[in-house]
Amino acid sequence: MGELVVSDKRGEAARDGAEEMCQYLTFSVFDERFAMSISAVKEIIETPQVTRVPMTPDYIRGVINLRGSVVPVVDLGARLGRSPLILTKRSCIVLVEVLAGVGDGHVLGMLVDEVNSILDIARADIRPPPEFGSEIRTDFIESMGRVDDVFVVILSMDHLLSIQELAALRRLGEEAARTSQDVDP
């Protein structure tokens with residue numbers, strides 16, 4: 001998987017007196033295009049072996065070993081109310097940091113069908129989420145970004161999982177780490 005290069009056009013816009021731009025990573029889930037703030041993204045990795053964990057919600061794909069750390073993986077298709085994603089060559093995991101409280105961040109993997117690009121969207125082209133008519137929970141939507149004449153759903157990474165769900169994922173990671181230590185000689 002190639003490395004994404006992030007261009008910083010915000011500085012250019014500020015020097016030119018143009019409006020402020022915000023950067024978003026765009027990705028696909030079931031042929032729908034979504035975005036998230038680039039500031040939440042830690043890393044994008046190819047889909048490694050995911051270890052299924054019994055008695056977890058359907059949207060928890062399992063856990064991965066990331067440089068010795070146990071990281072829970074959320075299937076974004078299932079979390080958004082669709083069916084679980086089918087892995088392809090383009091599937092990848094976007095590692096994000098979500099906040100469970102003040103200063104309490106957790107790294108999670110978000111399984112997506114494909115990462116598309118990094119978009120610069122002018123602040124003036126970012127609208128509040130719709131009040132109704134969306135197929136996904138509106139608390140999952142941070143805002144809507146207008147790109148040309150099309151809107152992109154900008155997801156709220158901090159709302160995709162509740163504080164209780166994040167606490168359960170933390171316990172899941174800790175239990176998986178203890179189990180792997182018990183197995184390793």
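Me: In what order do the elements of the chain run from the N terminus on?

Reply: The order is α-β-β-β-β-β-α-β-β-β-β-β-β-α. That comes to three helices and 11 strands, where helices are DSSP runs of H or I with at least four residues and strands are runs of E with at least two, numbered from the N terminus. The model is predicted, so local features need pLDDT of at least 70 and side-chain atom pairs count only at pLDDT 80 or more, while totals for chains, interfaces and linings use all residues. Residues are numbered from 1 along each chain as its sequence is written, and side-chain values use heavy atoms, with hydrogens and water left out.

Me: What is the mean pLDDT of the chain, and which residues stay under 50?

Reply: Over residues 1-15 the pLDDT stays under 50, and the model has 20 contacts beyond four places in sequence for them. A contact here means heavy atoms within 4.5 Å. Where pLDDT is low, the predicted coordinates should not be read in detail.

Me: Why is V41 called buried?

Reply: V41 has a relative accessible area of 18%, and buried means under 20%, exposed over 50%, and partly exposed in between, with a 1.4 Å probe and protein chains only. The value of 18% therefore puts V41 in the buried class. Across the chain, buried residues make up 40% of the 185 residues.

Me: Where does V41 lie, and what does V41 touch?

Reply: V41 lies in strand β3, residues 41-46. Leaving out residues up to four places away in sequence, V41 touches L25, M36, V94, L95 and V96. For the chain as a whole, residues 24 or more positions apart account for 55% of the contacts with a separation of 6 or more.

Me: How do you know that E43 and R67 form a salt bridge?

Reply: Their side chains meet at 2.7 Å, N to O. The criterion is a side-chain nitrogen of Lys or Arg within 4 Å of a carboxyl oxygen of Asp or Glu, so the pair qualifies. E43 lies in strand β3 and R67 in the loop between β4 and β5, so the pair ties together parts that are 24 residues apart in sequence. E43 counts as partly exposed at 25% relative accessibility, and R67 counts as exposed at 66%.

Me: How many salt bridges does the structure hold?

Reply: Seven. Among them is the pair of E20 and R123, at 3.0 Å, N to O. This pair links distant parts of the chain, 103 residues apart: E20 is in the loop between α1 (10-16) and β1 (21-29), and R123 is in the loop between β8 and β9. E20, at 46%, counts as partly exposed, and R123 is partly exposed at 47%.

Me: Is D75 buried or exposed, and which side chain does D75 meet in a salt bridge?

Reply: D75 counts as buried, at 1% relative accessibility. The partner is R61, at 2.5 Å, N to O. D75 is in strand β5 and R61 in strand β4, 14 residues apart. R61 has a relative accessible area of 22% and is therefore partly exposed.

Me: What makes β4 and β5 a pair?

Reply: Two strands pair if DSSP finds at least two bridges between them. Strand β4 (residues 60-66) and strand β5 (residues 69-75) have six, in the antiparallel sense, so they pair. L66 stands opposite S69 in β5. The hairpin has two residues between the strands, and R67 takes a positive phi near 50° there. Strand β4 is mostly covered, with five of its seven residues buried.

Me: Why do β8 and β9 count as edges of their sheet?

Reply: Six strands form an open sheet in the order β8-β1-β2-β11-β10-β9, with mixed pairing. β8 (114-122) and β9 (126-127) each have a single partner strand, so one side of each is left without a neighbour in the sheet. Two bridges join β9 to β10 (residues 141-147), and the two strands run antiparallel. I126 has G145 as its bridge partner in β10.

Methods
pLDDT is the predictor's confidence in each residue, from 0 to 100.
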